[in-house]
Amino acid sequence: KNHKVTFADGDRSNFDINNLILVNNAEFGLLNTQKLRFKGNGEATKTGVIIAKLILRRGQLAKNQRNT
């Protein structure tokens, strides 16, 4: 419910397991809003997922520091 499968190379007909990426809803949103999805370049999109995870983690850490 909180996750989506996205296509690394942007080709929705390419169901190769290496082309599918499981992301949570927040990561999926960042991929789109921060333009971290690259059609035709699966490796760049996979890097974009890592960047999205880092952005979200940085936000969590900052929030935790404010609450302590």
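Axes here are lines fitted to C-alpha atoms, for helices over the stretch in contact, and angles run from 0 to 180 degrees between N-to-C directions. Keep that in mind for the helix stop below. The model on screen is predicted.

**Stop 1: the whole chain**

Show the protein chain as a cartoon. Count two helices and two strands. Now switch to the C-alpha trace. Along its principal axes, the trace spans about 45 × 25 × 20 Å. Colour by burial next. Of the 68 residues, 22% count as buried. Turn to contacts with a separation of 6 or more: 37% of them join residues 24 or more positions apart.

**Stop 2**

Select α1, residues 25–33, and then helix α2, residues 42–66. Two packed helices are described by the angle between their axes and the distance between the axes. For α1 and α2, the angle is about 115° and the axes lie 9 Å apart. The crossing of α1 past α2 is right-handed.

Show side chains where the helices meet. On the α1 side, pick Ala26, Glu27, Leu30 and Leu31. On the α2 side, pick Thr45, Gly48, Val49, Ala52, Lys53, Ile55 and Leu56. Colour this set by class: seven are nonpolar, two polar and two charged.

**Stop 3: glutamate 27**

Stay in helix α1 and centre on glutamate 27. Is glutamate 27 buried or exposed? Its relative accessibility is 7%, and buried means under 20%, so glutamate 27 counts as buried. Which residues does glutamate 27 contact, leaving aside neighbours within four places in sequence? Select Ala52, Lys53 and Leu56.

**Stop 4: the largest pocket**

Rolling a probe the size of a water molecule over the atoms shows where empty space is left. The largest pocket holds about 160 Å³ of space. To see its lining, select Val5, Thr6, Phe7, Gly10, Arg12, Phe28, Asn32, Arg37 and Lys39. Two elements give two or more residues each to this lining: β1 (3–7) and α1 (25–33). Strand β1 supplies the largest share, three residues. Colour the lining by class to finish. It has three nonpolar, three polar and three charged residues.

**Last view**

Keep α1 highlighted. Helix α1 packs against α2, and α1 also contributes to the lining of the largest pocket.

Notes. Residues are numbered from 1 along each chain as its sequence is written. This is a predicted model: local features need pLDDT of at least 70, side-chain atom pairs count only at pLDDT 80 or more; totals for chains, interfaces and linings use all residues. Side-chain values use heavy atoms; hydrogens and water are left out. On a 1 Å grid over the protein atoms alone, a cavity is a set of points where a 1.4 Å probe fits but cannot get out, and a pocket is an open set with protein on both sides within 12 Å along at least five of seven lines; lining residues have an atom within 4 Å of a point. Grid points are joined across faces, edges and corners, and a volume is the space filled by probe spheres set on the points. Helices (H or I, at least four residues) and strands (E, at least two) are DSSP runs, numbered from the N terminus. Ala, Val, Leu, Ile, Met, Phe, Trp, Tyr, Cys and Pro count as nonpolar, Asp, Glu, Lys and Arg as charged, and the others, Gly among them, as polar. A crossing is left-handed if the near helix is turned anticlockwise from the far one by less than a right angle, and right-handed if clockwise. Contact means heavy atoms within 4.5 Å. Buried means under 20% relative accessible area, exposed over 50%, partly exposed in between (1.4 Å probe, protein chains only).
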